[in-house]
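This briefing covers the fold, a few individual residues, and some contacts across the chain. Please keep the structure in view while reading.

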Amino acid sequence: LTAGGLAPCLSSAVGFLIEKYTAADPSIEIICYKNGYKGLLLGDSMVVTDAVRESATVLQLHGGSPLGNSRVKLTNVDDCVKR
């Protein structure tokens with residue numbers, strides 16, 4: 001989950017976390033929520049596959065976030081639905 005606005009380091013951080021968790025224990029299920037807290041609130045997620053794990057290094061070459069993000073207010077469901 002990435003949130004709060006786009007930053008150059010988000011994609012790199014996501015790739016790094018995928019690599020480190022995979023190295024620590026490949027059986028760990030990594031779940032990514034799409035479009036920040038909006039994805040968390042709506043249950044819009046994806047499981048990181050073996051193919052994504054193998055190519056996670058490429059994420060460190062790009063800015064932004066491959067997951068998308070949003071500035072949804074966690075305490076305001078109407079705001080989430082609107083956005």
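## Overview

Buried residues account for 30% of the 83 residues in the protein chain. The model is a predicted one. The protein chain holds 4 helices and 2 strands. Read from the N terminus, its elements follow the order α-β-α-β-α-α.

- Arg53 belongs to helix α3, which covers residues 50-54.
- Arg53 has a relative accessible area of 12%, and because buried means under 20%, this residue counts as buried.
- Although buried, Arg53 has no salt bridge. Its nearest side chain of opposite charge is that of Asp50, 4.3 Å away.
- The side chain of Arg53 does make a polar contact with the side chain of Thr22, at 2.9 Å.
- Between Arg53 and Glu19 the C-alpha to C-alpha distance is 6.7 Å, while the two residues lie 34 residues apart in sequence.

- Ser11 sits in helix α1, which spans residues 10-24.
- With a relative accessibility of 2%, Ser11 is classed as buried.
- From Ser11, the side chain reaches the backbone oxygen of Leu59 at a distance of 2.9 Å.

**Cysteines**

- What is the count of disulfides by the rule applied here? The count is 0.
- In general, a disulfide is a covalent bond that links the sulfur atoms of two cysteines.
- Is Cys32 buried or exposed? Cys32 is buried, because its relative accessible area is 7% and the cut-off for buried is under 20%.
- Cys9 counts as partly exposed, at 49% relative accessibility. The class of exposed begins over 50%, so the 49% of Cys9 leaves this residue in the partly exposed class.

- A nonpolar patch on the surface is formed by Leu1, Tyr37, Leu40, Leu41 and Leu42. Together these residues have about 420 Å² of accessible area.
- One of the patch residues, Tyr37, is found in helix α2, residues 37-42.
- Tyr37 has a relative accessibility of 30% and counts as partly exposed.

**Loop residues**

- Asn35 is located in the loop between β1 (31-33) and α2.
- The phi angle of Asn35 is positive, at about 60°, although the residue is not a glycine.
- Asn35 has a relative accessible area of 35%, which means that it is partly exposed.
- Val48 is placed in the loop between β2 (45-47) and α3.
- Is Val48 buried or exposed? At 4% relative accessibility, Val48 is buried.

**Pairs separated along the chain**

- Val48 and Ile18 are 30 residues apart along the chain, and their C-alpha atoms are separated by 8.2 Å.
- Ala7 lies in the segment before α1, and its relative accessibility of 25% makes it partly exposed.
- How many residues apart along the chain are Ala7 and Gly64? They are 57 residues apart, with 5.5 Å between their C-alpha atoms.

Note on methods:
Residues are numbered from 1 along each chain as its sequence is written. This is a predicted model: local features need pLDDT of at least 70, side-chain atom pairs count only at pLDDT 80 or more; totals for chains, interfaces and linings use all residues. Side-chain values use heavy atoms; hydrogens and water are left out. Patches are made of residues with over 30% relative accessible area and no salt bridge: like charges are joined within 9 Å, nonpolar side chains (Val, Leu, Ile, Met, Phe, Trp, Tyr) within 5 Å. Accessible areas come from the Shrake-Rupley method with a 1.4 Å probe; for residues, only the protein chains shown count as cover. A salt bridge is a side-chain nitrogen of Lys or Arg within 4 Å of a carboxyl oxygen of Asp or Glu. Buried means under 20% relative accessible area, exposed over 50%, partly exposed in between (1.4 Å probe, protein chains only). A disulfide is a pair of cysteine sulfur atoms within 2.5 Å. Lys and Arg count as positive and Asp and Glu as negative; His and the chain ends are not counted. A polar contact is a pair of N or O atoms within 3.5 Å; within protein, one must be able to donate a hydrogen and the other to accept it, and residues adjacent in sequence count only if both atoms are side-chain atoms.
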